[in-house]
Each structure stands twice: as C-alpha cells, then as structure tokens.
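Dear colleague,

Please find below the structure that I am handing over to you, together with its sequence. My findings follow directly after it.

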Amino acid sequence: MDRTDCLAADGADPLARSRASFALPEGVLYLDGNSLGALQPAVASRLHQLIEHEWGNGLIRSWNDAGWAELPVRVARRLAPIIGADPDELAVTDSTSTNLFKALAAARALRADRDVLLTDDANFPTDLYVARGLAELVGDLQVRVVPSAELLEHLDDRVAVLSLTHVDYRTGRIHDPVTMTTAAHAVGAVTVWDLSHSAGALDVDLHAWGADLAVGCTYKYLNGGPGSPAYLYVARRWHEEATNPIAGWFGHARPFDFDPDYVPAAGAARFLNGTAPVLSMAALETALEVWEGVARAEVAAKCASLTATFIAAVDATCGDRVEVVTPRDPARRGAQVSLRHPHAYALTRALMARGVIGDHRPPDLLRFGFSPLYVRHVEVWDAALHLAELLTTGAWDRPEFHARRTVP
Ligand SMILES: Cc1ncc(COP(=O)(O)O)c(C=O)c1O
C-alpha cells in the first residue's frame, strides 16, 4: 500500500460526500475525533438562529413554539438507528458519567438479590469511579475489577451487573459484545455497555447484541460538540421494571401536572431528570443530520480501512521505532490506533505543532482516532509520514514539547 492507493481509496469512498458537511481548518490532519468530533457549519448556524431568534425573541414561548420541549425525543429518533435501538429505548440527557450511575443503579435494582458488579481493569476511569461510588452508596455491593481476559471466568451467580466499555480507550481493543452479553445472561446478570468509543464508528447493534442497558457520549464520533448531551439505552423488555435513581420531574409521565407524587414516564424517558440543555441539545440534533442514510456497516468498513491504512503506513515508515498496541485484526479493534513510545507526550505535541492532531494517554501512548465521516485515507498516510520524520530528525525533543498542559 502507498499514497496512490490511499488516493484511490478516497476516490471510491461511499462516505466521501459527508466530508463536505464539516469545517476542518486548512492544513490540519485531524485524528482526534475520538475525543472531540469536528464542527459542522450547519451546527454553528443553528446555534446562532436559536440564540438570536428562539431565545432572544421567542423567550419562554419557544419551549412550545420552537419545539424545545420535544428536543430529547427528536434527538433520540436520530440517534436510535446509529446504535441499533428504537427511539423510545433512549433517553438523551446528562453526561455519560451521570447516565452510567443511573444505568448501573437500575441494573443492580433488577438483580437486587446479588452482590457483585463485575468490570475490567481496562475500563475508563469514570466507569470505575461511578461503580465504586454506587457500591459505597448502596452498601451491599462489591465491585469486582479483573483483567479483561479473565472476565468470563469471573461471571458467576453472584454477579448482578456486567459493566463494560465496548472499545478500550487506551488500546482500541474491543470486547465481543455478543459473547459477553450472552455469557452474562447465562448466569442471570444484566449488562451495561459504555458505547462512547463505538457509536458512530462501529456497527453497534444493541438489539442484535441482546444488550440490557447502555450509555455513551455524543461529542466524539457523533460530533455533537464539547460536552454535548449523552444518552442512556434501556431495552424494551426492562421498561416496566427499570427505575431511575434520580427521579426528576422531566422523567415524570406528566411533568407539567406538577404532581407531588412521582409517576415514571413510559419507556426510557423515565431516565430524564431535569431541564434539557437546549443549546447543546439543538447543536446535537443538527449534528446528527449528516447520519441520515448512512449505514452502520458502511461506517464500520471505512473505519477498518482507515485504521488498516494507518497501521500499514506506520509499519512502512516508522518500523520498530514505535509499537502498534492496537489489535492488528480489524475485527478486534475500534476506530483508533495507539502507538507506544517512551516519549509519546512530546511526540504528540510535536505532531500537533505540525497540524497533525492526535492525543496522548499516559504513560506512553500516542492515540489516533479515525472519524469515518471526514477523515481521508491520504491524511492518514501523511500523518504517519510526519511521525516518521519526527522520529528520524529528533525534532520532537524540544523543551516546549515536553511542557505539560492540562489536557494531554
Ligand atoms: C469510555 C468513556 N466513558 C465515559 C467517558 C466520560 O464521559 P462524560 O464526560 O460525558 O461523563 C469518556 C470520556 O472520554 C469515555 O471515553
């Protein structure tokens, strides 16, 4: 494979049309859409219109006149096909961390006679913190954290909840969702999946997985904008039984009855709590328009092709000066590639100075994400060339590239 092959792959890319919806700065190779997705000009226009007209002129009337009240439902409708769910199985609200708390608590309550929450030591820190926080709160729950490869042997009839992140944020390795969900169900446990690194990048099909509950963010591959609202999925079979531990008025069946007694809304809507963040919800609604007519399989195939291209380019140009830690089998990885190098931080900063934007995960990983709607094969190839050049010249070894910043 070489640069010409990359140009040919871009020419034949069925998703190439979607790139036109994005505004990427000139001269930037953006390989960090797994951290923060890129802006679409339509989102900026929508926010401008909302602020000026709906808020500025419409004021409180816009909850009705501009349809603000229905935003969570409309966004759920756009999001559902991207993750293989039905709209009424989704509550679009809060952060992933908050939704995780609600989902884990609800899952635990469905298996109240059990005392173990099982997860793995590769899970994202917030997932571990939230699980431990819940265990402290409820008292009779123990969080069992085991190496990923040992999860199956730790699934037993004490396990109430199996909580896993589909794609490992460090290495890009995926858990096989069907294997893990089936094994959890075989011992009577309920699953909670974190889809933050998979929705919009892989063929996530929650119905086909048999998933129980799931959460995920929308600011990565779904391009909702910094801190955009997250979502919580509850499979239809749990709709009657699942309870939201934060019973807020927006999760009430009729919030504007101002009923002092809580009556949960039907479906996943009972996992809403408070007033929707209208600005970021509207931004997300517009950001999701670009997914109309995009097939999940198409997205997954593009990501597999982009990651394969990057691995091939790194092998060809960097050789053994970096270690590819992401699985080489495309079926076992998400839409990211991580490289190990003892000076990963300085290299990441030096790449950024050249306009190649990836990120760093301590202690020694350079991480690159390949957002299917706007990344081109040729950019992936060129990013690897920049890295090889830095490794050859040693130009990454400057004090300004070693200086630590708040967000790595
Ligand atoms: C896998 C995973 N879960 C959860 C989070 C945190 O999400 P939030 O900040 O929306 O709570 C992140 C953030 O990057 C993540 O990567």
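In this predicted model, seven strands make up an open sheet of mixed pairing, and their order is β2-β8-β7-β6-β5-β3-β4. The edges are formed by β2 (90-92) and β4 (142-146), each of which pairs on one side only. From one strand to the next, the twist averages 15 degrees.

Together with helix α6 (residues 125-138), β3 and β4 form a β-α-β unit that is right-handed.

As to burial, five of the five residues of β3 are buried. Both of its faces are covered: Val116, Leu118 and Asp120 lie on one side, while Leu117 and Thr119 lie on the other.

The pairing continues from β5 (residues 159-165) to β6 (residues 190-194), where five bridges link the strands in the parallel sense. Ser163 has Val192 in β6 as its bridge partner.

Two residues other than glycine have a positive phi: for Asp94 the value is near 55 degrees, and for Phe258 it is near 50 degrees. Asp94 is placed in the loop between β2 and α5, whereas Phe258 is found in the loop between β8 and α10 (278-287).

Are these two residues buried or exposed? Asp94 counts as buried because it has 24 C-beta neighbours inside 10 Å, and 20 or more are required for that class. Phe258 has 8 such neighbours inside 10 Å and therefore counts as exposed, the limit for that class being 12 or fewer.

Finally, the peptide bond from Pro362 to Pro363 is cis, its omega being near 0 degrees. Pro363 belongs to the loop that lies between β12 (359-361) and β13 (365-369).

With kind regards

Definitions and conventions. Residues are numbered from 1 along each chain as its sequence is written. This is a predicted model: local features need pLDDT of at least 70, side-chain atom pairs count only at pLDDT 80 or more; totals for chains, interfaces and linings use all residues. Two strands pair if DSSP finds at least two bridges between them. Helices (H or I, at least four residues) and strands (E, at least two) are DSSP runs, numbered from the N terminus. Axes are lines fitted to C-alpha atoms, for helices over the stretch in contact, and angles run from 0 to 180 degrees between N-to-C directions. A crossover is right-handed if, with the strands pointing away from the viewer, the path from the first strand over the helix to the second runs clockwise.
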